Amino acid sequence: MLERTNKYSTLQAQTIMTEEQIKALDAAGKQLRRGVLELCVLSAIAAEDEIYSSTIQEKLKDTPLEVKEGTLYPLLTRLKNSQLLQYTWRESTSGPPRKYFSITDDGREFLDGLMSTWNDLVSAVHHNTQNNQTNE
């Protein structure tokens with residue numbers, strides 16, 4: 001969060017962005033991150049046979065998609081309720097039993113669809129933003 005604030009503060013210093021524009025930019029960035037978080041979480045789970053939720057957080061740490069527990073657990077529950085994920089409980093030597101997530105066959109099919117949509121979207125955005133930059 002601090003890094004994002006500093007980035008937008010730098011934008012404000014370099015341009016004549018108003019405080020409202022910086023807030024709108026921050027809100028747009030949050031919406032974009034939320035939209036791709038499901039894709040990244042499913043990808044992280046699909047890359048492993050089973051994965052513990054803190055490992056998912058660790059994989060997303062130090063990226064703009066850093067995810068907090070308050071965001072991750074509701075997302076995992078929603079994906080599980082949609083039968084895209086399943087979990088098993090395992091005993092832990094360092095505390096209570098832990099819930100390990102794995103992707104279902106439906107989840108892999110859904111992830112493939114998300115990846116296809118993502119690739120199409122990235123291509124379209126790249127194409128359109130390059131056209132905007134060359135027309136300036």
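Author: Axes are lines fitted to C-alpha atoms, for helices over the stretch in contact, and angles run from 0 to 180 degrees between N-to-C directions. Helices are DSSP runs (H or I, at least four residues), numbered from the N terminus. The model is predicted: local features need pLDDT of at least 70, side-chain atom pairs count only at pLDDT 80 or more, and totals for chains, interfaces and linings use all residues. Residues are numbered from 1 along each chain as its sequence is written, and side-chain values use heavy atoms, without hydrogens and water.

Reader: At what angle do helix 2 and helix 4 pack?

Author: Helix 2 (residues 19–46) packs against helix 4 (residues 69–81) at about 75°, and their axes are 11 Å apart. Helix 2 is therefore roughly perpendicular to helix 4, a term that covers angles of 65 to 115 degrees.

Reader: And which residues of helix 2 make the contact?

Author: Leu37, Glu38, Val41, Leu42 and Ile45 do so, and they meet Thr71, Leu72, Leu75, Leu76, Arg78 and Leu79 of helix 4; contact means heavy atoms within 4.5 Å.

Reader: Which residue forms a salt bridge with Glu38?

Author: Arg78 does, with the closest N and O atoms 2.6 Å apart. The pair links distant parts of the chain, as Arg78 in helix 4 and Glu38 in helix 2 are 40 residues apart. A salt bridge here is a side-chain nitrogen of Lys or Arg within 4 Å of a carboxyl oxygen of Asp or Glu.

Reader: How many salt bridges are there by this rule?

Author: The count comes to 3 salt bridges.

Key. Helix = DSSP H or I, 4+ residues; strand = E, 2+ residues; numbered from the N terminus. Parallel < 35°, antiparallel > 145°, perpendicular 65-115°, else oblique.
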